[in-house]
Amino acid sequence: MATAIFICAPARLDGLNSGDFSAFTTSVVSAGAHRVVLDFTDLTYMSSAGVRALMVVQKQLHESGGKLVVYGCRPQIRDLLNLNGLNQIAPFAESFEAAKLHAQAAA
Amino acid sequence: MESYTFELSNDGRKIEPLQQQLQEVLVGGGVRLKSVYAINLALGEWLENVIQYAFADAGDHQIRVECSLSASDLTMRVRDNGKAFDPTQFPGEAPEAGDIFAPRGIGLMRKLMDTVSYQREGTWNVLELRKEISRREWD
């Protein structure tokens, strides 16, 4: 069974730190992690810069045949993704175990 | 009508403290959290845009946020002395879902607010953001 890598997002993803978050996450994927769970449990604020960071990692994983799962997403973040037409960007898991199973399932 | 004024310098690190202050005012006034979040996100998008693009020099510039809270709506006037930019002339539709590098902040701000209007007053950009609000005690 494929190994899933969990990456915890900070409390905010905005213009200040989204570039760093995106760079870190894409470096993890480039190093060979193709089943990635973004843990949004602590994430309470995401601007459009954070949305872009999420899209970057989703695209990278899609192109490498990998899989992205989002876990612990708060309603306001879901609303933001919906507003951007990105409600299908990744499966949204409600629990740690569900996230792990989603990520380990075939891409 | 209650009025509040906030000021910040053109430093992105100043946005979060300002949003926290505004949140305290709005939550204290009974505004529902969903509206508070939308207001803070719209304001944050505009402030990020101003700080990133409005000023040609690296000097210190002040940005002023004037808020008027009535029983039914919140109006924010954001003043900066950067180069002229009218966001109401910017496309408001969300870009294609796969278009990573398309700008999203201005369109998002317009979606989150009920009215967005812009004026150039001398050397100042004045953006007015208005949102109808509901308060918890009226639920």
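**Exercise 1.** Work out what share of chain A counts as buried.

*Solution.* Start with the cut-off: buried means under 20% relative accessible area, exposed over 50%, and partly exposed in between, using a 1.4 Å probe and protein chains only. By that rule, 50% of the 107 residues of chain A are buried. Keep in mind that this is a predicted model, where local features need pLDDT of at least 70, side-chain atom pairs count only at pLDDT 80 or more, and totals for chains, interfaces and linings use all residues. Residues are numbered from 1 along each chain as its sequence is written, chains are lettered from A and ligands numbered from 1 in the order in which they are written, and side-chain values use heavy atoms, leaving out hydrogens and water.

**Exercise 2.** Find the buried residues of helix 3 of chain A and what covers them.

*Solution.* In this helix, residues 75-83, look for A:Ile77, A:Leu80 and A:Leu81. Seen down the helix axis, they fall within an arc of 95° (taken from the directions from the axis to the C-beta atoms), so they line one face of the helix. Their cover includes strand 4 (45-46), helix 2 (48-63) and strand 6 (92-93) of chain A, plus helix 2 (33-53) and helix 3 (105-112) of chain B; contact here means heavy atoms within 4.5 Å. Just past the helix, A:Gly85 has a positive phi of about 70°.

Key: Helices (H or I, at least four residues) and strands (E, at least two) are DSSP runs, numbered from the N terminus.
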